[in-house]
Amino acid sequence: MLEHTFVHIPGLGPTTERALWGQGCCCWSDLLTGLDQYPIGQVERHVVQATLESSQSALTNLEHQIFARGLGLKEAWRAWPEFRSRCVYLDIETDGGSGGNSITTIGMWDGKSFQCLVKGDNLGNFPDIISNYSMIVTFYGSGFDLPMLEKGFKGLKFDQIHLDLCPTLRRIGIRGGLKRIEKQLGIKRGDDTEGLDGLDAIRLWRRYTALGDNAALELLIAYNREDVVNLEWLANYTYQHMKVETVRGTPLAIAS
């Protein structure tokens, strides 16, 4: 889908994008070779050419910045397949506070392995670890996880492509919290974590810190792990459905 995308070109919106698709201009190379043929509204041709040439180079080298800026939160889903190999699914837990020092665990899943950073142990490694990724997938991370992380790690700024599944799923009619959506879509959790929620995560952390209950920490980490592992399945589901809705009625729908 990414190479069929034109909305990341400054000044070019979804109406013009669909008009281009409708006229058979379906990918970057089509538009680059037909700049004088296809209507691009008020956008200057040199801007289109420069953006698309930069996009081709960035995609070849898996450089994410141009897509993070151009796609924004709304259209970040388009880049998921191409950047899946450099994607991390992320979720944090807190002690219930609103400050950056309230973060207790940071769970990360890259499609192959899971790691959980824990306050008082290795939480400080987060900035170095996250710098290795080009794309971040969260559930409501734009409203909670990433702002909290920026509070917790002074000077940290996220330049990655950010797919926030919460608002993106709403665009295809799926609403609610993560646990509710998982049940709606048939995603099952383990017996040990079934029914746990964010309040339970706070209680587990308090039990661990107050009583030294390592079993509570282990359950918290298991809960955090399921949060992030399930995000990968949801990202695929979201991408497939968003693609269908976006290209419906265009030549891209026929091609796919």
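## Surface and charge

The protein chain exposes about 12,200 Å², of which carbon and sulfur atoms supply 48%; accessible areas come from the Shrake-Rupley method with a 1.4 Å probe, and for residues only the protein chains shown count as cover. The model is a predicted one, in which local features need pLDDT of at least 70 and side-chain atom pairs count only at pLDDT 80 or more, while totals for chains, interfaces and linings use all residues. Residues are numbered from 1 along each chain as its sequence is written, and side-chain values use heavy atoms, with hydrogens and water left out.

The chain carries 26 positive and 31 negative side chains, and the centres of these two sets lie 5 Å apart. Lys and Arg count as positive and Asp and Glu as negative, with His and the chain ends not counted, and the place of a charge is taken as NZ of Lys, CZ of Arg, CG of Asp or CD of Glu.

## Overall build

Twelve helices and five strands make up the secondary structure of the protein chain, where helices (H or I, at least four residues) and strands (E, at least two) are DSSP runs numbered from the N terminus. The C-alpha trace spans about 70 × 40 × 30 Å along its principal axes.

Of the 256 residues, 47% count as buried (buried means under 20% relative accessible area, exposed over 50%, and partly exposed in between, with a 1.4 Å probe and protein chains only). Among contacts (heavy atoms within 4.5 Å) between residues at least 6 apart in sequence, 62% join residues at least 24 apart.

## The largest pocket

The largest pocket holds about 370 Å³ of space and is lined by 18 residues, of which Asp91, Ile92, Phe139, Phe144 and Lys179 lie nearest its centre. On a 1 Å grid over the protein atoms alone, a pocket is an open set of points with protein on both sides within 12 Å along at least five of seven lines, whereas a cavity is a set of points where a 1.4 Å probe fits but cannot get out; lining residues have an atom within 4 Å of a point. Grid points are joined across faces, edges and corners, and a volume is the space filled by probe spheres set on the points.

At least two lining residues come from each of β1 (87–94), α9 (178–184), α10 (198–211) and α11 (214–247), and β1 supplies the largest share, with five residues.

## Positive phi angles

Leu62, in the loop between α3 (45–60) and α4 (65–71), has a positive phi of about 50° although it is not a glycine. Its relative accessibility is 23%, so Leu62 counts as partly exposed. Tyr140, placed in the loop between β4 (135–138) and α7 (145–152), is likewise not a glycine and has a positive phi of about 65°; this residue counts as partly exposed because its relative accessibility is 44%.

Leu2 lies in the segment before α1 and counts as buried, because its relative accessibility is 0%. Beyond its neighbours within four places in sequence, Leu2 is in contact with residues including Trp28, Leu59, Phe67 and Phe83, and its C-alpha atom is separated by 8.7 Å from that of Cys27, 25 residues away along the chain.

Glu75, in the loop between α4 and α5 (80–83), also counts as buried, at 12% relative accessibility. Not counting residues up to four places away in sequence, Glu75 touches Val7 and Arg171, while Glu75 and Met242, 167 residues apart in sequence, are 9.6 Å apart in space, C-alpha to C-alpha.
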